[in-house]
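This note is written for a reader who is new to protein structures. Please keep the sequence and the model in view while reading the numbered points.

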Amino acid sequence: MDVRCPVCATPETGHELCEVCGVRLYGDPVLGAATARDLAAAETALGAARRAWDLRAAALVAPGPESDGHRRLTAALGGTPPGDGHVPADALREETGDSTPVQALLAGRAQVSFLECAPDGLHLTQVEITRAGIPVPGDTSSTPWRSVVPALDGDPTLRRFQLAGGVGTLPPVDRRAFDEAVRAWLAERLRTAPGATAVLLRSAPGWELLRRAGAVAVQNPAVRLAADGDGGAPEGRPGGAVRVRRLLRTLPLPADHTLLLARVDPHTGAVHPHSHVLFPAGLVLRPDETVTAEVTVYGGPTDSTPLLPVLAGPPAPGTPALALRQLKVRALEPERLTFALRGPGEVELVAPAGERTPEEPTADLSRLLAALPRRMVRPPALELLLTVDLGGADRAETEERLTFVREVAALLARKDPAGATVRAGAVGHYDHTDYETAWAKAGLLLRAPVVARPPAELLAALATWSPAPGRQDTVSSLEDALHEAAVLTARRPVGADSDETCRVLLVVGGRPPAPARQHGVVPACPRGTDWRTALGRLRAGGFRLLARTHPATGPPAPDAAARQAGRYAAEAWRALGADGVFRPGADSPQDVVRALDPPWRHEGPACPLAFAAPLR
């Protein structure tokens, strides 16, 4: 006959103490029959041991005090409330047996099954191991306990009480029959190929029948107990796939997690793949930890949506892609990115937000590497000459023009601090002598011209410039500024040609130049300077002609003289901005600098990746 412990219902093995609950099963022999006092004392001790054992199990289940489960559990305990859920540490029995680190169990395998004996059932989760050693959880099959062991109670609370080892007033679950039922389930579900491994996750301590199920499982040679350090999945924490993923996220990264970018050789312009390590191999996360890494990438020659592949290793054919995103990036502009790592192979782009494409793109890494341009062709150097109207009747408008020019110079200085590829000069102009202000001395038409030099030096020179509001808004001394500009730029460096330097004239003003001879009511230049001749010389010198001015708005002027002046101004600004016109309030200094930049060219296809360094 099968003899079991009167407290925890574990089949006895002939030992003096029960191996599970620790109650004394046998004592030293004594002479004579037991007295009534002896029997009463033994029954009292046995009752106390049963209550303690069952209350321990009930505390693991710990239903809410107002719930139906709490009331049913109280009845199963013979009317004793189950308590507050606190279980003394010495009452929790840990899983025993040799265990192996999960990382070692996964090494060299393409597939592993994870087995968990949880309070809600038996879970079997398939995990694929990629060529880079990244574990990828797959499908999970779950079987409720009642389907495996029908003898368990149909009520969820009472069933968990039984799985924790409790007996109470319920029919005891036959432990040997329970073991055989688990063994049969394993034989049906755990069909592993020769040499394959199933990893048993440790059950939460104290759940006696779950411990027994694990002990049955490890009798199978293909099942290894994992040293996962998780202490099991306690009541209330999800098991199955959620627990497996949580465990896999704490494994060391098997390979560097890298961001694939493009890098341009500064000497030859050749384009090569560049691997930026976001998270190094060997990095280990704590449970539920997330770490981030920041990187600055740069846009190509035009506004684009480059791909951002995250790889498990260096960029080479066959390296698996962990994630692939696409981001909108402005031409030549930096973009600060933040990536989050949640575990091996789980990398997410978290910033910037709202700039991504609506769908995640797909791309073949081999084709992506083959699609890189052969070479980026550096644009010619930029020579920028500005003319700035420092006069006019509206002082605020005049100050805005000077502020704009300073901002353009500052942006160019940040782009090329040493002036290796950008040189800039400026000529400031006021009114003619006939319309001099009290601030400007008689005969002062121009600021001392700033010849082409590094933008930082131009910015320093502009700091000394000041606006001088004039008394009229019909014309300025722009024609004299254009003449001075033509003289300054007439000579080109020896050996220079139009392919080596992009020359741009940017006229920043509010009033047109004065004509050489009076044009109706439009006064002539006192010096007789012809702005069209000066403009032609600049055009012949290879200058692009750009202008920044306010557009004419409102209804036509009521008198003929004003209309004539308006037609002259419109004609002049069309010529001055023959290659493009910028509008205050619509085109920012950043927009203007981007338009001034000579374009990069690429040999071969356009680059599908972001750049690791700015194109300079």
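Predicted model: local features only at pLDDT ≥ 70, side-chain atom pairs only at ≥ 80, totals over all residues.

1. In which loop does Leu332 lie? Leu332 belongs to the loop between β10 (321–326) and β11 (334–343). Helices (H or I, at least four residues) and strands (E, at least two) are DSSP runs, numbered from the N terminus. The phi angle of Leu332 is near 65°, a positive value in a residue other than glycine. Leu332 counts as partly exposed because its relative accessibility is 23%. Buried means under 20% relative accessible area, exposed over 50%, and partly exposed in between (1.4 Å probe, protein chains only).

2. Residues are numbered from 1 along each chain as its sequence is written, and side-chain values use heavy atoms, with hydrogens and water left out.

3. Taken as a whole, the protein has 15 helices and 20 strands. Of its 616 residues, 46% are buried. Among contacts in the protein with a separation of 6 or more, 73% are between residues 24 or more positions apart; contact means heavy atoms within 4.5 Å.

4. A second residue with a positive phi is Ala9, at near 70°. Ala9 is placed in the segment before α1 (36–61), and it counts as buried because its relative accessibility is 7%. For background, most residues other than glycine have a negative phi, and most peptide bonds are trans.

5. The peptide bond that joins Ala351 and Pro352 is cis, with omega about 5°. Pro352 is in the loop between β12 (346–351) and α9 (365–370).

6. Another proline to examine is Pro252, in the loop between α8 (241–248) and β6 (257–264). Pro252 counts as partly exposed because its relative accessibility is 23%. Leaving aside neighbours within four places in sequence, Pro252 is in contact with Gln103, Gly282, Leu283, Val284 and Pro344. Pro252 and Leu285 are 33 residues apart in sequence, and their C-alpha atoms are 7.6 Å apart.

7. Is Asp389 buried or exposed? Asp389 counts as buried because its relative accessibility is 0%. This residue is found in strand β14 (residues 381–389). Not counting residues up to four places away in sequence, Asp389 touches several residues, including Thr398, Arg401, His429 and Ser476. Asp389 and Arg401 are 12 residues apart in sequence and 7.5 Å apart in space, C-alpha to C-alpha.

8. Helix α11 (residues 455–462) has Pro455, Leu458, Ala461 and Leu462 as its buried residues. They lie on the same side of α11 because they cover an arc of only 115° around the axis, where the arc is that of the directions from the helix axis to the C-beta atoms. In general, an α-helix has 3.6 residues a turn, so residues three or four places apart point the same way. The cover over the buried residues of α11 includes β14, α10 (395–415), β15 (422–429) and β16 (450–453).
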